Amino acid sequence: MPFDSQSEISDDALMVLFANGDGQAATSLAYRHTPRVLALAYRMLSDQAEAEDVAQDALMRLWKIAPDWRQGEAKVSTWLYRVTSNLCTDRLRKHSGKRRPAEIDSVPETADETPSVEARLIGRDRATALQTALQTLPERQRQAVSLRFLQELSNPEVAEVMGISVDAVESLLSRGKRGLLAVLADDKMELGLEF
Amino acid sequence: MDAFDKKQDQALDALFAAAKAADPIPSGDLMARIMAGAAGAQKPAAVPIVAPERRGFGQTLSDVFGGWAGASTLVACVGLGVVVGVVSPDVVLSYLPGAELGLGDDVFGLYYESEL
């Protein structure tokens, strides 16, 4: 697997190796975690360039904390999600009032391998519609929905990343899903959805 | 969960699946920036510093004579010389012209006297 040549080594072990000067450990950690960090940042910010800046910043913080990393206390992925979420929150607050909904042109190029052109177009329309709808949700709901349904974390993991209770996560998810459906209701026919 | 809720969940699942398929891929430029950051933050591999070994007097002496083999050879040669000198002093005295000595005589003193 080209993106992670040390796939059998745990994140904790890679952190130790990195702290001891192993350059290959940095490569493995970067290729293992950057895609998911970038995806979360993009869901939160809806801007590819800003999402990349956040991903770079988050990984930089990981490098800096490596010498003090305590094995077994936290998962690297959870730690990165929390840092990424906080960085996105900071940016959203700085840009509050200046945000614009995602446009089709701003949806990044992806590795989508959908077989037919029609299916690819529908998938792209749905991805864009969801991204647009996500931006209408309050920040905490957007964060919870992104972590749970797009990054596929469990409810307890989402609670850990967000620093709230599992009950609070469930509440955010319920309201977030209702909010998404309300925003998407007008476009459900065009998106080939029925609800 | 009623039929309406189920349809809503199915619709959301379809949207989430489409969104996941459209996740952005890290660009080469981003990965290069991240790796540059890692290189800058990473300390060079630690080289272990080994404390010099404490050496005793015997070890030092052994080193002076070239280790245990050299020291053993030296001791053997000295011993052999003493044995030869005690058992056959004539052999030794044959190298001292004009000297006729018995066991226990002052060999070197007589040698110098004979030279004078």
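**Where the chains meet**

Q: How many residues of chain B are in contact with chain A?
A: 29 residues of chain B are in contact with 42 residues of chain A. Keep in mind that this is a predicted model.

Q: Which elements of chain B give two or more residues to that side?
A: Helix H1 (3–21) and helix H2 (28–41) of chain B. H1(B) supplies the largest share, 11 residues.

Q: And what kinds of residues are on that side of chain B?
A: They divide into 21 nonpolar, 3 polar and 5 charged.

Q: Switching to chain A. What's its secondary structure?
A: 8 helices and 0 strands. Along the sequence, the pattern reads α-α-α-α-α-α-α-α.

Q: How much of chain A is buried?
A: Of its 195 residues, 38% count as buried. As for contacts in chain A between residues at least 6 apart in sequence, 62% join residues at least 24 apart.

Q: Tell me about H5(A). What does its span look like?
A: Helix H5 of chain A covers residues 117–136, which is 20 residues. From first C-alpha to last it reaches 29 Å, close to the 28 Å expected.

Q: Which of its residues are buried?
A: The buried residues of H5(A) include Gly123(A), Arg126(A), Thr128(A) and Leu134(A).

Q: What do the buried ones pack against?
A: In chain A, helix H2 (23–45), helix H6 (139–150) and helix H8 (166–184). H1 of chain B is on the list too.

Q: Back to H1(B), then. At what angle does H5(A) pack with it?
A: About 100°, with the axes 8 Å apart. That angle makes H5(A) roughly perpendicular to H1(B), because 65 to 115 degrees counts as roughly perpendicular.

Q: Which residues make that contact?
A: From H5(A), they are Gly123(A), Arg126(A), Ala127(A), Ala129(A), Leu130(A) and Gln131(A). From H1(B), they are Ala14(B), Leu15(B), Ala18(B), Ala19(B) and Ala21(B).

Q: How do those residues divide?
A: Into 8 nonpolar, 2 polar and 1 charged.

Q: Last topic, confidence. What's the average pLDDT of chain A?
A: Chain A averages 88, and 87% of the residues score at least 70.

Q: Where does pLDDT stay under 50?
A: Over residues 101–105 of chain A. The model has 9 contacts beyond four places in sequence for that stretch.

Q: How should I read coordinates where pLDDT is low?
A: Not in detail.

Definitions and conventions
Residues are numbered from 1 along each chain as its sequence is written. Chains are lettered from A and ligands numbered from 1 in the order in which they are written. This is a predicted model: local features need pLDDT of at least 70, side-chain atom pairs count only at pLDDT 80 or more; totals for chains, interfaces and linings use all residues. Two residues are in contact if their C-beta atoms, placed from the backbone, lie within 7 Å. Helices (H or I, at least four residues) and strands (E, at least two) are DSSP runs, numbered from the N terminus. Ala, Val, Leu, Ile, Met, Phe, Trp, Tyr, Cys and Pro count as nonpolar, Asp, Glu, Lys and Arg as charged, and the others, Gly among them, as polar. The expected span of a helix is 1.5 Å times one less than its number of residues. A residue is buried if 20 or more other C-beta atoms lie within 10 Å of its own, exposed if 12 or fewer, and partly exposed in between; C-beta atoms are placed from the backbone. pLDDT is the predictor's confidence in each residue, from 0 to 100. Axes are lines fitted to C-alpha atoms, for helices over the stretch in contact, and angles run from 0 to 180 degrees between N-to-C directions. Angles under 35 degrees count as roughly parallel, over 145 as roughly antiparallel, 65 to 115 as roughly perpendicular and the rest as oblique.
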